[in-house]
Amino acid sequence: MFAMFEFLKKKPSPPAPGKPPVPEANSVGEPATEAAPPARMGFSPDDLARAFTIHQEEKAARAEAERQQTREQMRETIGGSVFARSLGGLFSRHPKLDDDLLDEIETALITADVGVTGTTELVEKLRRRMKAREFADADALLSALRVELLAMLAPIANPLLIDPTQRPFVILTVGVNGVGKTTTIGKLARRFQQDGHSLMLAAGDTFRAAAVEQLKIWGERNDVAVIAQGQNADAASVAFDALQAAKARGFDVLIADTAGRLHTQAGLMAELGKIRRVLGKIDENAPQEVLMVIDGTTGQNALSQLRAFHQAVGVTGLVVTKLDGTAKGGVLFALAREFGIPIRFVGLGEKIEDLRVFDPQAFVDALLPETLGA
């Protein structure tokens, strides 16, 4: 957490006015070369205030740069999805404002995994407004669709904030096999380091042969400590040891990995509850965040996965990965409508910086053309 102070160099104390420094004698009684005065210890209140201000300014500038990069990357990835192409195609022909256009919108939304119930509600709302002659043309309908889609996502657009009063701030990551939990943890570690947080990782995926080694590699890449035991060790024991170590060493953040498991495996799902209870024995508030990683290509199956994990361990945030692949993207609307759990991050590529803070405005803008015929 002291990264913000790196630019503060300890300065030598100046000599008293009018009194040049007097060289000391060396071991044989000869005048010594001029000795450097002792370095000043610690930082003054002004130094600390200046460091904090600079750190906050750098953090804000980095966040704004990332927002711009996210918007551009959304347009490149989400804008090329089947969902975006289908919606864009509807409004590229200068369509007539009629029921046929609404029917096509309904088909596109359902096909993109938005869900039947949510789609029906949205389209019926647009239909009522069209019948009431609130839309002058199809371009006005496009604007209304944009507003409705954004309204579905806005309530769950809450970035993950690390509470500095909770040390360590424990993040327990969960999800089914193959969604990219361990890779996501590595990317999160880099992000938190850039924000000036010290952190530790817990290799709790003790079932998969290469999972512990994979997390250790991420730890080495990011120069982050990793607490691990052998394969098939008790995952709750790993989490317990890691939290004790993180507390003792004063780390800001602890990210705990867990084994991937199918949401239908009752025994393994119960184990997640055990991990949470064990963490609570050390810190009654831990874990402060239960972050579920969801593969964006799984479509409506993501709903049943989240339902089971939420019941078992109380999910507080989501990461939706692989939106740069064959994901249709509409499942984000379905997740938002049914659960209202914040989507913290989305995965838009393989590179470490491709884990982006979820921006609903950028997401909706990538799905829809800016104007009729675009």
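Arg 356 counts as buried, because its relative accessibility is 7% and buried means under 20% relative accessible area, against over 50% for exposed and partly exposed in between, with a 1.4 Å probe and protein chains only. The model is a predicted one, in which local features need pLDDT of at least 70 and side-chain atom pairs count only at pLDDT 80 or more, while totals for chains, interfaces and linings use all residues. Residues are numbered from 1 along each chain as its sequence is written, and side-chain values use heavy atoms, with hydrogens and water left out.

Arg 356 belongs to strand β8, which spans residues 355–357; helices (H or I, at least four residues) and strands (E, at least two) are DSSP runs, numbered from the N terminus. With neighbours within four places in sequence set aside, Arg 356 is in contact with Glu 66, Gln 69, Thr 70, Gln 73, Arg 191, Arg 344, Phe 345, Val 346 and Leu 348, where contact means heavy atoms within 4.5 Å.

The protein as a whole contains 12 helices and eight strands. Of its 374 residues, 47% count as buried. Among contacts with a separation of 6 or more, 78% are between residues 24 or more positions apart.

The largest nonpolar core comprises 104 residues, and the members that touch the most others are Leu 332 and Phe 333. Such a core is a set of buried Ala, Val, Leu, Ile, Met, Phe, Trp, Tyr and Cys residues joined through side-chain atoms within 4.5 Å. In soluble globular proteins, nonpolar side chains tend to be buried together. Phe 333 is itself buried, because its relative accessible area is 0%. Beyond neighbours within four places in sequence, its contacts are Phe 83, Val 114, Leu 149, Met 152, Leu 153, Phe 363, Val 364 and Leu 367.

Three aromatic pairs are present in the structure. In one of them, the ring centres of Phe 333 and Phe 363 are 5.9 Å apart and the planes stand at 45°, so the pair is tilted. Rings of Phe, Tyr and Trp (its six-membered ring) pair if their centres lie within 6.5 Å; planes under 30 degrees apart count as stacked, over 60 as edge-to-face and the rest as tilted. The pair links distant parts of the chain, since Phe 333 lies in helix α11 (residues 331–339) and Phe 363 in helix α12 (residues 360–367), 30 residues apart. Phe 363 also counts as buried, at 0% relative accessibility. One aromatic cluster is formed by Phe 83, Phe 333, Phe 358 and Phe 363.

Phe 83 also takes part in the packing of two helices, as one of the α2 residues that meet α3. Helix α2 (residues 82–90) and helix α3 (residues 99–111) pack at an angle of about 175°, their axes being 10 Å apart. Axes are lines fitted to C-alpha atoms, for helices over the stretch in contact, and angles run from 0 to 180 degrees between N-to-C directions. The two helices are therefore roughly antiparallel to each other; angles over 145 degrees count as roughly antiparallel, under 35 as roughly parallel, 65 to 115 as roughly perpendicular and the rest as oblique. On the α2 side, Phe 83, Ser 86, Leu 87 and Leu 90 meet Leu 101, Glu 104, Ile 105, Ala 108 and Leu 109 of α3. These contact residues divide into seven nonpolar, one polar and one charged. Here Ala, Val, Leu, Ile, Met, Phe, Trp, Tyr, Cys and Pro count as nonpolar, Asp, Glu, Lys and Arg as charged, and the others, Gly among them, as polar.

Thr 182 is situated in helix α6 (residues 181–194) and counts as buried, at 5% relative accessibility.

The peptide bond from Arg 167 to Pro 168 is cis, with omega near -5°, and Pro 168 lies in the loop between α5 (138–153) and β1 (169–174). A cis peptide bond also joins Ala 286 and Pro 287, with omega about -5°. Arg 133, in the loop between α4 (116–131) and α5, has a positive phi near 60° and is exposed, with a relative accessible area of 76%.
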